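Here are my notes on this one, as promised. Have the model open while you read, and go through the points in order.

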Amino acid sequence: MLKMKKSILKITAVLGITTVLLNSCGPNENAPLVYFPDMYFPVAYDPLMKAQDAYSDHENEIPAFVKNNGATGLSPVEGSVAQNKDGVFAENKLPRTPDEYNAGYDASKTISSTPLNPANAAKDIERGKVLYDHTCAACHGTGGDGQGPIVQSGAYSGVPNYADREITVGSVHYVLTNGRNAMGSYAGQLDAGDRWRVAMYVMSAFKKGAIPAATVAQTESTVTKK
């Protein structure tokens, strides 16, 4: 009796598996129900086109899209940082070959002023200090001596002391934008205007005399008060 029961269970199991396999390999018109069609059959949206429901005839009624005349490309969220909000950078000027890079670097050393509004120099340098401390000091050090915590840990070496370098505000900006030697580009971390602000801070803090004395004094006073 026990053997018969086991045989029946085995036969039932084999028949069940066979049924599943036959159904799964059956014709497409008998395809199983898809519970999440928008994931199983993804629909590509053009962000500038009017969005429609992919599985029915009615238009998409998502409020954010309706408010935007149906387009799926929405406005940037609050707090987003524009890449060139200061309007001081042209993508077509990026070097594409080593020769272009070297020529651009040499030319950048002749630049002693920034395209930013001179009337905002004090605020720009103050912001440059904040950005430098957050982005650059880990390697270059808060004193610009190339002895940041990463260097002191032994994980990285060869970071120069700004005081020993022949640099200008233009060359600092150029290196921040395009990188140099072991240092990569920081264009992804700092927008075009902020790269100029960091360069201004580097020159005012570590290359005394590169920025007019009145501006430096005003900036240092502002930073001290904070």
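How are helix 4 and helix 8 oriented relative to each other, roughly parallel or roughly antiparallel? Roughly antiparallel; point 2 has the numbers.

1. Ground rules and overview. This is a predicted model, so local features need pLDDT of at least 70 and side-chain atom pairs count only at pLDDT 80 or more, whereas totals for chains, interfaces and linings use all residues. Numbering runs from 1 along each chain as its sequence is written, and side-chain values use heavy atoms, leaving out hydrogens and water. The chain has ten helices and zero strands (DSSP runs numbered from the N terminus, H or I of at least four residues for helices, E of at least two for strands). Of its 226 residues, 27% are buried (under 20% relative accessible area with a 1.4 Å probe, protein chains only; over 50% is exposed, and partly exposed is in between). Take contacts (heavy atoms within 4.5 Å) between residues at least 6 apart in sequence: 56% of them join residues at least 24 apart.

2. Helix 4 against helix 8. Their axes come within 8 Å and cross at roughly 150°. Axes here are lines fitted to C-alpha atoms, for helices over the stretch in contact, with angles from 0 to 180 degrees between N-to-C directions. That crossing makes the two helices roughly antiparallel (over 145 degrees; under 35 is roughly parallel, 65 to 115 roughly perpendicular, and the rest oblique). On the helix 4 side the contact uses Glu100, Tyr101, Gly104, Tyr105 and Ser108, and on the helix 8 side Gly170, Ser171, Tyr174, Val175 and Asn178.

3. In one of them, the rings of Tyr101 and Tyr174 have centres 5.3 Å apart and planes at 55°, so the pair is tilted. Tyr101 sits in helix 4 (residues 98–108) and Tyr174 in helix 8, 73 residues apart. Tyr101 and Tyr174 are both buried. Tyr105 and Tyr174 also form a tilted pair, with ring centres 6.2 Å apart and planes at 55°; this pair ties together parts 69 residues apart in sequence. Tyr105 is buried at 7% relative accessible area, and Tyr174 at 12%. Have a look at Arg180 too: it lies over the face of Tyr105, 3.7 Å from the ring centre (the criterion is NZ of Lys or CZ of Arg within 6 Å of the ring centre and within 35 degrees of the ring normal).

4. Helix 8 itself. Nine of its ten residues are buried, so helix 8 is largely enclosed by the rest of the structure. Those buried residues, among them His173 and Thr177, pack against helix 4 and helix 9. After helix 8 comes Gly179, with a positive phi near 80°.

5. Helix 5 across helix 9. These two pack at about 90° with axes 7 Å apart, so they count as roughly perpendicular. The residues that meet include Ala121, Ile125, Leu131 and Tyr132 from helix 5 and Asp194, Val198, Val202 and Phe206 from helix 9. Gly128 is worth a click: this helix 5 residue has 0% relative accessibility and counts as buried. Its contacts are Arg197, Val198 and Tyr201, leaving aside residues up to four places away in sequence.

6. The nonpolar core. The largest one (buried Ala, Val, Leu, Ile, Met, Phe, Trp, Tyr and Cys joined through side-chain atoms within 4.5 Å) has 21 residues, and Tyr132, Val172, Val198 and Val202 touch the most other members. Helix 5 (121–135), helix 8 (169–178) and helix 9 (192–206) are the elements giving two or more residues, with helix 9 giving the most, eight. Val172 touches Ile167, Ala199, Val202 and Met203, again not counting residues up to four places away in sequence. Separately, ring pairs link Tyr132, Tyr162, Tyr201 and Phe206 into a cluster.

Notes
Rings of Phe, Tyr and Trp (its six-membered ring) pair if their centres lie within 6.5 Å; planes under 30 degrees apart count as stacked, over 60 as edge-to-face and the rest as tilted.
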